[in-house]
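This briefing goes through strand pairing, helix packing, nonpolar cores and aromatic pairs in turn. Please read it alongside the sequence and the structure displayed here.

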Amino acid sequence: MSPLAESRPNHQPGAIPVPAPASVLVPPSIPAAGPAPDPTSFVRVRTTLPRQPLPPIAARGPITTQRLLLRPLAASDLDAIHVLRTQPEVMYWTSTAQIDASLDETRAKLARYLPPGDGQTYNCAICLGGSGEVIGMGGVHNWTSSLGWPEVGYMIRREYWGKGLGTEFLRGFLEGVWEGLEREEVEMAVDARTVVGGRVVGVDGVVAVPEQLVAITVKENEKSRKVLEKTGFELFVTWKERDATKGGADEDLQTYLGELGVPIPIPTYPSANPLYNPNDIYRSYIAAALEQLTDCDRVLLYESLQRTSTPSKGDIVLVLPRLRLKSVKPDDLGVELASKFPVLPLVNPPIPLQNHLQFFYSPRILPRLILPFVSERKASYGSSMIQGQKKRAIVEFSSPNIAKEFHAGHLRSTIIGAFIANLYENMGWDVVRINYLGDWGKQFGLLAVGWEKYGSEELLQSEPLKHLLDVYVKINAEFKPEEAASKKARDEGRDTAEIESRGLFSERNAFFKRMELGNQEALALWKRFRDISIERYIDIYARLGINFDVYAGESQVNPAAVAEVESLLKERGVYKEDKGSWMIDFTKHGAKHLGTAILRGRTGTTTYLLRDVAAILDREKQYSFDEMIYVVSSEQDLYFQRVFKTVELLGYPDLAAKLKHVNFGKVLGMSSRLGKVELLSDILDKCGIAMHNVMRANAVKYSQVEDPDTVADTVGITAVMVQDMSGKRNNNYPFDINRMTSFEGDTGPYLQYCHARLSSILRKAKLTAINLADGDIDYSYLEDDYSAGLIRIMAQYPDVVATAFKNLEPSTILTYLFRLTHQLSSSYDVLQDIKETRACEEHEDSKAPSIVAQMQRTSAWEDSSYYIDVSHCLRQHDLLAVGFDNPDKSTMMQRIRNIEELGQGPTPSEISEELRIGRTTCTMLSVGEELPRPWWRTSDYLADVLGVMFVVDATDPNGPREASREIQYLIRQLPDVPFSQNGNSTSHWGMFDRISLLLGAPVTLKICSILNRQGYQEAFKWLIERI
């Protein structure tokens, strides 16, 4: 058995290490603290584990040891487990360090290990052998721990400590239960530090390793560590995590706040999470100060401190009516609290305004707190790890039907579902992304009939999805009259059996019946079409940057689960037979609005409802999920209410409570604007074409795009996704191809542009990484209104993400991003002026404004890449074109841009041009001849330059000597900057030889001609490639 990870002990449902000791040593030495487990750095391994799902509780027998009885947990153990979980000494060593607040809380914890959630856990009641009294519980409670491996733990009542019962339980469980379970080979992701000894790298790069079981405890819990050592565990890694007994803020954060003059420790509140949200630091101090001024409940007081919608209203406001203090009017209370509020370094004095008390963050503390906070967390800024064991969510989205139209509803489900899955993952959940294909049912029987009439092997090979869709459309057109006749008969109250027993009705039903009975020929055709469709869908989803963990389908529902559902419904008197069909009359079970629904048709075939309910039971056993989210159009609201109610009627109300339907409105006018669209690839192709047309409108810039098809496709996809997520998901919205592909307004292309601009700032500053602890950051640069405005919005990001997690609205994130970009646009020029002015006054160059750009880019785009794709951005560089009299610099720039008119006369002072080749945008500055020579020695032109084009007048006999002297100067000033030396005439190329001699360095000769359009674009490209 190996290994032991030093962290949090005896994890109960809910434990995950948050920031936090790691090295490989054998006890009794304790390794120095290393980085906390990070799933993003896990490695794929091949190993063995007990077969999933684990044996159900009903099939588990008792295990006896010398003094103990280890038996399966039961609902009747609730009172005994509640006694255990309300002992402070026991719960101190858990991740929350809190006793259960109520019997209901214990019931919820226990329910995780009882049917139908017993498929991924194996926990025992620890009982005294003689009396059978329950004194504890233990086993494998977490199939996927923070290290990736299954995790074992135990809890024993305080009065039975020190008797060796922990060692006896663990040895009995490992030898009597765990080692006896049937094994299967699996591939999984685990912490790389657990991959030690005896490993073999397979052909596919996956590491083959021995099976491992981990236990996680805290360093201070020496007794638990000794138990683990006695039972064969070895210590291999330690890390530091947040101590739940110390108010939720680690020592480093507390120390740093003290250095800023903020009194420590941070006041604690149940819902505060200061390690992940800096706003909670502010709320905690404000709430603690207000506690001394009111008789209000402290928790209510904290929760009444809310984020504002606009910065002009404050950073945090106290909503006074929420305090429910009847003895004083809210207006008067605000004035009184403002007058008595103590001085806090974090905030300015509060401002009473009607029913609110406004708090603005202090501009002195703001950058010193927020920027290091963001810098330390980088892309994890905005996330909020779940306290306790990592929770699991299943998100089912997209879910197209094989060989049927991929309509706008599927597109919305794909975009919104990916957002929700990424959001849950960012908030610390273990997420399983399922694409539940419509690959079963009578519509597939109809497709099979159509294939016999219209199928073509040649077309199936060349355009599989399109051909299957064409076949379905043709056969469905033939089937429509029969379907209409059946509907008419049903509406008139006539029996439809005769109509459905002939023609395509009969052929369709017969084929599907053969499928359900397991006919090999029928299933082979079904499997072929299904596999082809999934292969094509994977490629299409990749264009969106979306992946799925599981491609499931109605076809894969376990027949045993279907039988279990029907058996339970009959036992509970819910299932009724009517004219050969089996149905539920929801009106008789407290849900009149749900009407009646058929689960099994008169031909014996199953319906969507029965298969979906059976799939829920299957998934609960396989994944033991905490939530399962269906991302489906609001048109299916009634259907999902029936699904959830059916699960409740089965006798699983707790399971039904875990199910959630996230709905959305319609996309209006897509077909009228894009024409006939049938597949997802059609939609993306036509949006890419529309984006391409927008790009073509600027012929000059378009001619410089290196790969316009790829750029148009990527920016077009961004445009589609941003338009879909910009409004409330329940609202219908018009598909406006012109607006969404514009670079103006709140659009996807505009976000791409803003990201490119921020990246340009960082390149100019030559900052590849920022260390705010290096001591040379002058935060006084960032106390002005514009800097504070940017940082205040950055500070709101964790609150914004928390709101999005609560309402599951993509628009919450998009609205924030656009606010941030608007603030950037209004501040950019002012901040540049401030930087340049102060640097001139103080004879130094501060990194502070560039750091704002870096932190803003981190807080917005790098975090928001969890939600939308803005990663494919244009590169931007600044070039300097210099030279002496009459070398045709300005004309050269025009030629690079393919502008027809040639420059006439000298450049008066300077010309700034934006040039683009491929995905590179350059601001090129041509310095004019009327400035003093050499002007670049006395100006700021060299400050942000990343490349130089030095143009020499080849007809000037003094040109080479003068040019070589100035080139040597520029090289000394810009040692890492590439130079392109260009002449303006093909008839005087010998001047390069003279420059080479004078420089004492070789010069690569490139013939250029302004008039003949020769050489300059190649020189420009050469320069860009070396930046």
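Two strands are taken to pair if DSSP finds at least two bridges between them, and it is in this sense that Thr596 in β22 is the bridge partner of Asp585. The model is a predicted one. The points below are grouped by topic, beginning with the sheet to which that bridge belongs.

**The sheet β20-β21-β22**

- Three strands form an open sheet in the order β20-β21-β22, and their pairing is antiparallel.
- The edges of this sheet are β20 (575-578) and β22 (596-600), each of which pairs on one side only, while the twist from one strand to the next averages 45°.
- Strand β21 (residues 581-585) is joined to β22 by four bridges in the antiparallel sense, and the bridge between Asp585 and Thr596 links these two strands.
- Helix α18 (residues 608-623) packs on the sheet, where it touches β20 and β22, and its direction makes about 75° with that of β22.

- Strand β3 (residues 63-64) and strand β4 (residues 68-72) run antiparallel and are joined by two bridges; they form a hairpin with three residues between them, and Thr64 stands opposite Leu69 of β4.
- β4 also pairs with strand β5 (residues 122-128), again in the antiparallel sense and over five bridges, with Leu70 standing opposite Ile126 in β5.

**Helix α9 and its surroundings**

- In helix α9 (residues 330-340), the buried residues are Leu333, Gly334, Leu337 and Ala338; seen down the helix axis they fall within an arc of 130°, so they line one face of α9.
- An α-helix has 3.6 residues a turn, so residues three or four places apart point the same way.
- Val335 and Ser339, on the other side of α9, are exposed.
- The buried residues of α9 pack against α7 (278-291), β14 (316-319), β15 (351-353) and β16 (356-359).

**Nonpolar cores**

- The largest nonpolar core has 110 residues, and those with the most contacts inside it are Ile281, Tyr282, Leu318, Leu346, Val347, Leu369 and Ile420; helix α11 (residues 408-426) supplies the largest share of this core, nine residues.
- Apart from this core lies another, of 42 residues, which includes Ile126, Val195, Phe233 and Val237.
- Once its neighbours within four places in sequence are left aside, Val347 is in contact with Tyr282, Ile286, Phe341, Phe359, Phe360, Tyr361 and Ser362.

**Aromatic pairs**

- The structure holds 25 aromatic pairs; in one of them, Phe373 and Tyr381, the ring centres are 6.2 Å apart and the planes stand at 75°, so the pair is edge-to-face, and both Phe373 and Tyr381 are buried.
- Tyr797 and Tyr816 form a tilted aromatic pair, with 5.2 Å from centre to centre and 45° between the planes; because Tyr797 lies in helix α28 (residues 797-807) and Tyr816 in helix α29 (residues 810-842), this pair ties together parts that are 19 residues apart in sequence.
- Tyr797 counts as buried because its relative accessibility is 0%, and Tyr816 likewise counts as buried at 2% relative accessibility, given that buried means under 20% relative accessible area.
- One aromatic cluster is formed by Tyr122, Tyr154, Phe169 and Phe173.

Terms used: Residues are numbered from 1 along each chain as its sequence is written. This is a predicted model: local features need pLDDT of at least 70, side-chain atom pairs count only at pLDDT 80 or more; totals for chains, interfaces and linings use all residues. Side-chain values use heavy atoms; hydrogens and water are left out. Buried means under 20% relative accessible area, exposed over 50%, partly exposed in between (1.4 Å probe, protein chains only). The arc is that of the directions from the helix axis to the C-beta atoms. Contact means heavy atoms within 4.5 Å. A nonpolar core is a set of buried Ala, Val, Leu, Ile, Met, Phe, Trp, Tyr and Cys residues joined through side-chain atoms within 4.5 Å. Axes are lines fitted to C-alpha atoms, for helices over the stretch in contact, and angles run from 0 to 180 degrees between N-to-C directions. Rings of Phe, Tyr and Trp (its six-membered ring) pair if their centres lie within 6.5 Å; planes under 30 degrees apart count as stacked, over 60 as edge-to-face and the rest as tilted.
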